[in-house]
Amino acid sequence: MLQPNVNDSSGGEALLQVNGVTLQYRTPERRVTATYRVDFDIHPGERLVLLGPSGCGKSTLLKAIAGFIRPVEGSIRLSGAPITRPGPDRMMVFQEFDQLLPWKTVRHNVTYPMRCNGVSAEEANRRAEQVIESVNLSGFIDSYPHTLSGGMKQRVAIARAMAMRPYILLMDEPFAALDALTRRKMQEELVALWEAVGFTLIFVTHSIEEAVLVGSRVVVLSPHPGQVCAEINVDHLGGPNSSGEDFQAACRRIHDLLFPSAGEAQ
Amino acid sequence: MIDAKQAGVRPPFVSPVKRQDFTRKVVPVSEIGTIEVPLPWTQRIWNSSLVRRGVILVILAIVWESYGRWLDNPLSFPTLSETLTSLWTDIASGTIPERLQVTLRILLMGYGLGILLAALLTTLAVSTRFATDLLSTLTAMFNPMPAIALLPLALLWFGLGVPSLIFVIVHSVLWAVALNTHAGFLSVSNTLRMAGQTFGLRGLRFVTGILIPAAFPAILSGLKIGWAFAWRTLVAAELVFGVSAGQGGLGWYIFEKRNLLETSGVFAGLITVMIVGLFVEGVIFQTIERLTVRRWGMHGG
């Protein structure tokens, strides 16, 4: 049932449809509206970035797509079927380094979700070795997570998610806790991996640069409560064969959308 | 020269002078020579906790022997050598191994049953809120209750014999293990829980696949505490109602020796209790810890 989405961004059916989604979360004192009537689609093979200032509900939105939160209004559909709970067809990479199971080696961290979902041991191992190779961690395949650096842990988490061959890969600021140099390297590696393997990605970030580097299309969300204020194509602006000017222009455009008053002042 | 009075005083601000850029070649690693040097063997040996503990034991033994000789009153405080002699005699004659076996068998039955019940209770407690409240109320009520205090009641219900002893052991194990396990489950990070859910794990598979291993450090410390409680409770119960096991255990052995005024035998019994405790803590639990939480890097937060 799970199959990789090859680079097929040529229009066609949307893979995931988010329609008028209002999300609320509860604190002990109040009910807070995180996003208000958000709409967007994602097509197979896209790298969609949800970008917005902190508190705009972008992480909450991603959790709703993952199935951890039910929308109070609107619907989220994956291939036409409403999302009701978390599942292996929407593997998620979290920001925190402790998302790996500390009691399993890198290899078994990658094979475990596959084994939980009925992939044979041989097949799981074959896929694990392949995907660990693709994130350049073959030398650490039998290490325990606590011996790895933060960047390596995030690579394992990405490998683990990719090996499941989900419909969509969800990433919640996966590089935010890394140092700047490692972060930049990981962003480039992620795009290279997408070019090599091909998958559909939803990526949450609050960094404009990261959005333009990683994404093919950016959904810009307004501050609290989050609403879609723009969708912008940014494909191949950040790659090595891009002119820096296009990249800068896209960043500036998004910046002005996010901070309208600052834009007028300039 | 900076005057002592002036040291630590902030120098007045002047705009910085522009300094030259420079680049320079670093010395390659191969030319630096040794980067890692092994510590001298004396330090390496002293780093082993086994060696340090051994030294402590030797010191304690010397203190004991000299105090015993100085006191010269075998009825109240026999020397170490006398104690070891009677320990050896009773081990050789098979008395201590036999008593120990009786004690350990009952202990393992009670310990196992206690853990089983604790597992059941905590699994229920993570799945429904009502069971959570049930568990915390029961633990709050029963955890502070000394198991020995329940022994008269147990004797009333189950009569003189193994079931009574098992009852009090289960009581002493259950609450400690359940409390620790539950606390461990609650402290499993939200990220790890969500990761498990995205794998499609739910219910019992989620508990065994994610919660138990993630809470294993807490579970292990619960098991240790439970073991210590069980061991203490059993020896104490045997001391009080020793013969109730039908065939006496280690506590009964100590009681007997006291009645015979063989103080060195009492000490031999106590030493056996200590040795078993040290063995379980130092060998069994240490091994489990080394193979699990240490290897996984989950010890000490």
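**Terms and values**

Student: Which exposed residues does the face of α7(B) turned away from its buried side carry?
Tutor: That face carries Leu156(B) and Trp157(B); exposed means over 50% relative accessible area, buried under 20% and partly exposed in between, with a 1.4 Å probe and protein chains only. The model is predicted: local features need pLDDT of at least 70, side-chain atom pairs count only at pLDDT 80 or more, and totals for chains, interfaces and linings use all residues. Residues are numbered from 1 along each chain as its sequence is written, chains are lettered from A and ligands numbered from 1 in the order in which they are written, and side-chain values use heavy atoms, without hydrogens and water.

Student: Which residues of helix α7 (residues 151-158) of chain B are buried?
Tutor: Leu151(B), Ala154(B) and Leu155(B) are buried there.

Student: Why are the buried residues of α7(B) said to line one face of the helix?
Tutor: Seen down the axis of α7(B), they fall within an arc of 100 degrees, so they line one face; the arc is that of the directions from the helix axis to the C-beta atoms.

Student: What makes α5(B) oblique to α8(B)?
Tutor: The axes of α5 (residues 95-127) and α8 (residues 162-186) of chain B cross at roughly 40 degrees and come within 7 Å. Angles under 35 degrees count as roughly parallel, over 145 as roughly antiparallel, 65 to 115 as roughly perpendicular and the rest as oblique. Therefore α5(B) is oblique to α8(B).

Student: What is the handedness of the crossing of α5(B) and α8(B)?
Tutor: The crossing is right-handed.

Notes
Helices (H or I, at least four residues) and strands (E, at least two) are DSSP runs, numbered from the N terminus. Axes are lines fitted to C-alpha atoms, for helices over the stretch in contact, and angles run from 0 to 180 degrees between N-to-C directions. A crossing is left-handed if the near helix is turned anticlockwise from the far one by less than a right angle, and right-handed if clockwise.
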